[in-house]
Amino acid sequence: MAKRVFDTYSPHEDEAMVLFLNMVARGRILIFSIKDEGSFHLKDSAKSLLKSLGSQVISSLSWRDMWSFVGKKGGEVYGEKHSKSPALSTWGDPILLKTEVQLTSVEDAECRWPDTELNRRRRRFCTKVEGYGSVCSCKDPTPIEFNPDPLKDNKVLNVPVAVIAGNRPNYLYRMLRSLLSAQGVNPQMITVFIDGYYEEPMDVVELFGLKGIQHTPISIKNARVSQHYKASLTATFNLHPDAKFAVVLEEDLDISIDFFSFLSQSIYLLEEDDSLYCISAWNDQGYEHTAEDPSLLYRVETMPGLGWVLSKSLYKDELEPKWPTPEKLWDWDMWMRMPEQRKGRECIIPDVSRSYHFGIVGLNMNGYFHEAYFKKHKFNTVPNVQLRNVESLKKDAYEIEIHRLLAEAAVLDHSKNPCEDSFLPDTEGKTYVMYIRMEQEADFTTWTQLAKCLHIWDLDVRGNHKGLWRLFRKRNHVLVVGVPASPYSSKKPSAVTPIYMEPPAKEEVAGQVAAAEQT
């Protein structure tokens, strides 16, 4: 059995519903009902699917109508009722649908898979839940065990992996499939931590033969998430007392095929360079149009999260003792980025991300936000990427590398509009530099406007190193230097005037906010 709520008043929820219904096996009984308002973002593709299931009235469903439907997927319709709303300000009358459904015997409903440990796990799963596609197919069930290629000289084989999860079992299923398909994965080191005693997420964990730990939620909203992270990290290092590091993942991430290879080649930096405090698989500015080289790594001052590694010493000696208490409604990752925690240290990130944030439902996530800031992130699909110049990521070596890049970079024409495509020459593989106004360390006025027009992360400042940002445009490596705040300002030719981009007037911003709220 499966129960799902799709808020089709909000965007993209109808797409999630279509995906779920397509994953339900033929012959299953489907029961639909509307609570409140279900038509606003129920697009034609979703209505077409519901019509194909046998609905006679879904095409005419309108604002605040009431509707209920019972039918068999790929079979007969058992009943349908519809009550139209008489006016925009009110709802349709309540409906009551009574029907009889012909059940199938247990013997006919169960699949006759060979009696193996793998299929016993599958059988236990399929007798309890629904909506996972061909996992429960009798004729051609999808694999639930994966055998990716081993990783030669795997430096992270015995590093514990903590998967932070809640009550989003379909997300967890997708995430674990990608994780278990990554080269170099060690399933014995994976633990899924579930915030609450929900059955279905644990069913997903057991389907894949992994360890799962559930605990009682503490606090509310962002503080609940923060306490879940703390409990999970503490438990991880308690379960693995000899571990020097831990990998932290979330249930709404795809993991790249070379995720563990990426970490295996770079994790030694955390041991050898005390100016680092994490390695992350995520590049906040790594979009399809601004990321290019999967072998390239950067140092950044912000902690991206979304698939990251931290050391036991950092957690046990610094973070755990002063972790935000339950009454503080703080985001744990924003807290991690504060100067008191960062202490001038940096994180290593790839140019092309090794994780992809697919979740559109969550405490701090919705369809609009995901569409604007996450959907078009670039995600590496190339196996066996050999990272280059990893040694140059160490503190002093990175400064040498940055100065080398600035020395070879061609200065862009600062009389042109940096938001226009013509700002970059029609070349590929070149290195360019541009200088923007940045009067002091915390002056991000021009950078924020530049980020907006480049359609990259602009809600706060991320991805910078000493007032310098690195990204790709038109397949060229572009360095952006803030003048005079960045120490790299000394490289600016005297004839070049730093670009200044004025923020929109308050009245214009207010109008944009009002328009967004109406949308």
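Analyst: Start in strand 18, residues 476–484, where proline 484 is found. Keep in mind that this is a predicted model. The peptide bond to look at runs from valine 483 to proline 484. Is this bond cis or trans? The bond is cis, with omega near 5°. That stands out because most peptide bonds are trans.

Most residues other than glycine have a negative phi. Which phi does lysine 343 have? Lysine 343 is not a glycine, yet its phi is positive, about 55°. Look for lysine 343 in the loop between helix 12 (339–342) and strand 12. Its relative accessibility is 51%, and exposed means over 50%, so lysine 343 counts as exposed.

Histidine 455 is another case. Here too phi is positive, about 60°, although the residue is not a glycine. Histidine 455 sits in the loop between helix 15 (445–454) and strand 16 (464–465). Is histidine 455 buried or exposed? With 60% relative accessibility, histidine 455 counts as exposed.

Now turn to a charged side chain. Glutamate 399 belongs to helix 14, residues 395–408. Its relative accessible area is 17%, and buried means under 20%, so glutamate 399 is buried. What does glutamate 399 touch, once its neighbours within four places in sequence are left aside? Its contacts are His465, Lys466 and Tyr488.

Next come the disulfides. A disulfide is a covalent bond between the sulfur atoms of two cysteines. The model has four disulfides, counting cysteine sulfur pairs within 2.5 Å. Number the bonded cysteines in sequence order, and the pairing reads 1-4, 2-3, 5-6, 7-8. Three of these links follow in detail.

Take cysteine 111 and cysteine 138 to begin with. Their sulfur atoms lie 1.8 Å apart, and the two form a disulfide. The link is left-handed, with -75° about the S-S bond. Which parts of the chain does the pair link? Cysteine 111 is in the loop between helix 3 (106–109) and helix 4 (117–126). Cysteine 138 is in the loop between helix 4 and strand 4 (161–165). The pair links distant parts of the chain, 27 residues apart.

A disulfide joins cysteine 126 to cysteine 136, with 2.0 Å from S to S. The pair is 10 residues apart: cysteine 126 in helix 4, cysteine 136 in the loop between helix 4 and strand 4. The torsion about this S-S bond, in the link of cysteine 126 and cysteine 136, is about -95°, so the disulfide is left-handed. Cysteine 126 and cysteine 136 are both buried.

What is the handedness of the link between cysteine 278 and cysteine 347? Its S-S torsion is about 120°, so this disulfide is right-handed. Cysteine 278 lies in strand 9 (residues 276–280) and cysteine 347 in strand 12 (residues 346–350), so the pair ties together parts 69 residues apart in sequence. The S to S distance is 2.0 Å. Cysteine 278 counts as buried, at 0% relative accessibility. Cysteine 347 is buried too, and its relative accessible area is 0%.

Finish with a helix pair. Two packed helices are described by the angle between their axes and the distance between the axes. For helix 1 (residues 13–23) and helix 2 (residues 44–52), the axes come within 9 Å and cross at roughly 30°. Angles under 35 degrees count as roughly parallel, so helix 1 is roughly parallel to helix 2. The crossing of helix 1 past helix 2 is left-handed. Which residues meet there? Helix 1 brings Asp14, Met17, Val18, Leu21 and Asn22. Helix 2 brings Ala46, Leu49 and Leu50. By class, the contact of helix 1 with helix 2 has six nonpolar residues, one polar and one charged.

Note on methods
Residues numbered from 1 in each chain as written. Predicted model: local features only at pLDDT ≥ 70, side-chain atom pairs only at ≥ 80, totals over all residues. Heavy atoms only, no water. Helix = DSSP H or I, 4+ residues; strand = E, 2+ residues; numbered from the N terminus. Buried < 20%, exposed > 50% of the residue type's maximum accessible area, 1.4 Å probe, protein only. Axes fitted to C-alpha atoms, helices over the stretch in contact; angles between N-to-C directions. Parallel < 35°, antiparallel > 145°, perpendicular 65-115°, else oblique. Left-handed = near helix turned anticlockwise from the far one by under 90°. Contact = heavy atoms within 4.5 Å. Nonpolar A, V, L, I, M, F, W, Y, C, P; charged D, E, K, R; others polar.
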